[in-house]
Amino acid sequence: MTNAAQAAEQKGEVDVEAIVIGAGFSGLRCMHELRSRGISTKILEKGTDVGGTWYWNRYPGARTDSESWVYCYSFDKDLQQEWDWKERFPTQAEVQAYLGHVADRHDMRKDIEFGVMVEAAKFDEDSQLWTVTTSTGQTYTSRYVVAATGQLGIQHFPFAGVENFQGQAYHSSSWPKEPVDFTGKRVAVIGTGATGIQIIPLVAQEAESLTVFQRTPNYVMPARNFALTDTHRNAIKRDYDRVWEQVRDQPFGMAFDPVNRISGDTEPASRDQVLQAGWEAGGFRYIFETFDDLLTDQECNDLASEFVRNKIRAIVKDPKTAELLCPTNHPVGGKRVPLGHFYYETFNRDNVTLVDVNANPVERFTEKGLKTADGELEFDVIIIATGFDAVSGALTHMNVRGRDGQTIENRWADGAESFMGMMVDGFPNFFTILGPQGPFANNPPVIEHQAEWIGKVITHCEQEGKLAEVSRQTVNDWFRVTQEAFDSTVLGKGEEANSWYLGANIPGKAHKILYWFGGAPAYFDLLEEAERRGFDLVDARSAATVG
Ligand code: NA7
């Protein structure tokens, strides 16, 4: 503990050693980590329960795109034996129940304040403490702040006039707790990202009519969800150590074995068979269990892209609709690949219409529906599935001030940057989980590694009497290798297709790669290397002049 902080704490100025913002997957794991290191921790949470992303995104069809047995924590072996996942891809309700169970099991709720929004966090250079202010006007002083604010906290709502609309309008991430009844209703869904693609097949079954507004078609993989049997669950539980080893070694943090196959070494006649097997296996297995060079070799990616387009053409009966659903301006993986639950099949229903927003843009809400370039369309319910100011939005919308009063919004004016997704120069003792340039992978294992690393940094700083701070150079160096890793893939074309992981989905947002695409295992190794170097912290005394 630094002298100033010690003095402040002795004077009773520290309310708690660490404030964690958010009680989702990251916040709960972080609380566990810090508590186990003897750091007193309080979570401030906007929602009225734990869950984070899984609390807010309760729209029909919301479920994970990662398999349940790896979309969870590994730190508590008894928990993984005790919890029974019901399906391959669990629903929002099931994931939220799981997180509630974790919070209860580890007696976390007593240190979580629900229903409070953090409005500001300010670092004081004299006391070297943070002051966090909430929507209720309450302030807390702490030595550390961890923003476990998730990647999808700030919704993108690009249309004006919703207040004039006489029907029901919902953004997917502010869905009412009570189910919405679509029976006999004329419904619109705007947006066909991972969210819209989950909503559309379910709403189509209830609504009188469903109009889908699509701007960029996606490569939608069939999820092929199934209920887990006791046999399957028990096999996973018996084998959990190996499952976590697979996750540790797989580039995207999934429990898949390496296939050790590249397209160039595979007989042309067999390539379709390989892709067919991946397509049949469901989920992300099409990407990760077919060809290892699918995301790095243009020819291989072209093959995989055309294979999906041909599937769309085979499934969707109306040729015009099928062509509209075929992505052509980006490679498979150039935008986050969504999983569909009979998504393409839904367009064979008589009550479903696809509108190409490029030819007929949505302009605004009206009293009766939507004004598009072609005229007004009337609806009873409009669902806005237009995504998020992802990764950085939750922090740039919060008044976070570091050294010299600089806001993080200002620091990130040219695009969000951090050291390994966790630390930003000029913001001492401040951490992010799943921040910019962290791995693009199944989130829970990434969260676990990051929470543990942050815990180690804090312990180190407490022991050495240091501030946890990195230099601008360290951040720049990490960004450079992140860019290099991304450039070695074929995914750069996602920029033309408004990919959110490039910041390209929000008008005016700086385009910058927001994820490490160098593989989760390499990232975990680099975390260990940084630890051996003393976490790449600057000397607290010279921190103010670094950069
Ligand atoms: P996404 O993936 O950002 O998808 C948003 C969708 O909304 C996408 O199809 C957009 O088209 C569309 N969109 C955005 N703005 C407009 C306007 N102005 N007009 C028409 N259509 C628009 O968000 P999701 O919520 O689906 O998924 C976010 C992540 O959550 C997901 O990847 C998972 O990690 C979980 P575009 O593609 O930009 O042309």
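Predicted model: local features only at pLDDT ≥ 70, side-chain atom pairs only at ≥ 80, totals over all residues.
## The five-stranded sheet

Five strands make up an open sheet, arranged in the order β3-β2-β1-β7-β19 with parallel pairing. At the edges stand β3 (112-114) and β19 (430-432); each has a single partner strand, so one side of each lacks a neighbour in the sheet. On average, neighbouring strands of the sheet are turned by 20 degrees against each other, direction ignored.

Helix α2, residues 25-36, packs on this sheet and touches β1, β2 (41-45), β3 and β7. The direction of α2 makes about 170 degrees with that of β2.

## Strand β7 and its partners

Strand β7 covers residues 144-147 and pairs in the parallel sense with strand β1, residues 18-21, over four bridges. Within this pairing, I19 stands opposite V145 of β7, and I21 has A147 as its bridge partner. Strand β7 is also joined to β19 by three bridges, and these two strands run parallel. There V145 has F430 of β19 as its bridge partner.

In a regular strand, side chains alternate between the two faces of the sheet. Both faces of β7 are covered: Y144 and V146 lie on one side, V145 and A147 lie on the other, and all of these residues are buried.

## Two loop residues

S172 is placed in the loop between β8 (168-171) and β9 (186-190). Is S172 buried or exposed? S172 is buried, because its relative accessible area is 0%, and the cut-off for a buried residue is under 20%. Leaving aside residues up to four places away in sequence, S172 touches W56, N57, R58, Y59, T195, I199, I384 and A385.

H341 is found in the loop between β12 (339-340) and α13 (343-346). With residues up to four places away in sequence not counted, H341 touches R63, P201, A223 and N225. I384, one of the residues that S172 touches, is 43 residues from H341 in sequence and 19 Å from H341 in space, C-alpha to C-alpha.

## Enclosed cavities

Rolling a probe the size of a water molecule over the atoms shows where empty space is left. In this model, the count comes to two cavities of 30 Å³ or more. The largest cavity has a volume of about 100 Å³. Its lining consists of 13 residues, and those nearest its centre are Q80, W83, W85, K237 and Y240.

Helices α4 (77-82) and α7 (230-238) each supply at least two residues of the lining of the largest cavity. The largest share, three residues, comes from α7. By class, the lining of this cavity divides into ten nonpolar residues, one polar and two charged.

## The second largest pocket

The second largest pocket has a volume of about 470 Å³. This pocket is lined by 28 residues, of which Q250, P251, F252, F288 and D292 are the closest to its centre. The elements that give two or more residues to its lining are α8 (240-249) and α10 (285-288).

Which element provides the largest share of the lining of the second largest pocket? That share comes from α8, with four residues. The lining of this pocket has 16 nonpolar, seven polar and five charged residues.

How values were computed:
Residues numbered from 1 in each chain as written. Heavy atoms only, no water. 1 Å grid on protein atoms, 1.4 Å probe; cavity = no way out; pocket = protein on both sides within 12 Å on 5 of 7 lines; lining within 4 Å. Points joined across faces, edges and corners; volume = space filled by probe spheres on them. Nonpolar A, V, L, I, M, F, W, Y, C, P; charged D, E, K, R; others polar. Pairing = 2+ DSSP bridges. Axes fitted to C-alpha atoms, helices over the stretch in contact; angles between N-to-C directions. Contact = heavy atoms within 4.5 Å. Buried < 20%, exposed > 50% of the residue type's maximum accessible area, 1.4 Å probe, protein only.
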